[in-house]
Amino acid sequence: METLSVIYIATVITLLTVLYLCFSPAPYGKFTPASGVFSSFKINSKLAWMLQECPAFFIPFHVIVLRWSTLSPMSLLGLGLFSLHYFNRSFIFPLLIKSGRSTPIETCLSAFGFCCFNGWLQCKSTTESNLQVRDAHASILGLTLFFVGMYINISSDSHLRELAAQRVGNVYLTPHKGMFQYVSAANYFGEIVEWLGFALLLQTPAAAWFSLFTTLFLGQRGYQTHKYYLSKIDDYPKSRSSVFPFSGF
């Protein structure tokens with residue numbers, strides 16, 4: 001099957017998945033159910049993050065090592081940035097988070113499958129066309145957005161860990177640093193910006209699809225997080241947007 005056909009199918013599945021998740025939040029983190037179908041077997045959250053995210057690091061890293069001499073600088077840059085993000089998500093982020101909640105095995109396996117697919121798709125799309133710089137201005141803007149988004153994402157995650165360490169019991173504290181002054185899910189906003197930059201830089205259908213997926217998936221997740229904070233924190237700022245600053249969403 002050609003790459004474009006795979007992306008069309010993936011887009012349809014993305015839309016259906018996000019529609020379903022609007023009514024039933026993905027069962028991990030604060031939305032992990034205490035009972036039900038997703039509570040029968042769980043694993044340590046640190047281990048779950050490592051296992052489910054690592055394919056998206058190892059697959060492109062393997063391609064970089066094998067095809068270093070034949071890939072264009074733009075293809076190597078794209079795969080390198082993708083690997084950089086997932087090195088953080090696979091090996092640094094899990095070691096820093098608090099092992100509070102366990103992760104349902106179904107959630108871990110579905111994320112593992114997604115990372116395998118996405119890692120394969122980005123590699124296939126990047127290597128089969130051996131990318132060149134198409135628009136220097138778009139490339140510079142994309143690269144800038146990628147690193148700005150990565151900084152927002154990592155610094156926001158760091159602030160959430162600080163608050164988690166201060167939390168007593170199930171009493172949530174209001175995030176207030178950085179982009180949290182404007183949105184409830186600054187970490188998600190950062191990742192959305194990051195993959196938008198990736199799509200602008202590479203200008204491939206696969207990168208565009210992943211940016212769309214990230215925006216829709218984390219957009220609805222951020223909205224659910226916003227509603228959760230409003231219900232759990234009495235003095236939570238009602239003027240904040242959920243994900244996108246000054247948008248009301």
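A charge sits over a ring if NZ of Lys or CZ of Arg is within 6 Å of the ring centre and within 35 degrees of the ring normal. Arginine 221 does this to tyrosine 28, its charged end lying 3.7 Å from the ring centre. Arginine 89 likewise lies over the face of phenylalanine 93, at 4.2 Å from the centre of that ring.

A quick word on the ground rules: this is a predicted model, with local features needing pLDDT of at least 70 and side-chain atom pairs pLDDT 80 or more, while totals for chains, interfaces and linings use all residues. Residues count from 1 along each chain as its sequence is written, and side-chain values use heavy atoms, leaving out hydrogens and water.

Now for rings meeting rings. Rings of Phe, Tyr and Trp (its six-membered ring) pair if their centres lie within 6.5 Å; planes under 30 degrees apart are stacked, over 60 edge-to-face, and the rest tilted. That rule gives 32 aromatic pairs. One of them is phenylalanine 82 with phenylalanine 198, tilted, at 6.0 Å centre to centre and 40 degrees between the planes. Phenylalanine 82 belongs to helix H4 (residues 73-96) and phenylalanine 198 to helix H7 (residues 186-202), so their pair ties together parts 116 residues apart in sequence. Helices here are DSSP runs (H or I, at least four residues), numbered from the N terminus.

Phenylalanine 198 also pairs with phenylalanine 146: the centres are 6.5 Å apart and the planes at 45 degrees, so this pair is tilted. Because phenylalanine 146 lies in helix H6 (residues 136-166), this pair ties H6 to H7 across 52 residues of sequence.

Buried or exposed, then, for phenylalanine 82 and phenylalanine 198? Both are buried, meaning under 20% relative accessible area (1.4 Å probe, protein chains only), where exposed is over 50% and partly exposed is in between. Phenylalanine 198 has 2%, and phenylalanine 146, at 0%, counts as buried.

Methods. Helices (H or I, at least four residues) and strands (E, at least two) are DSSP runs, numbered from the N terminus.
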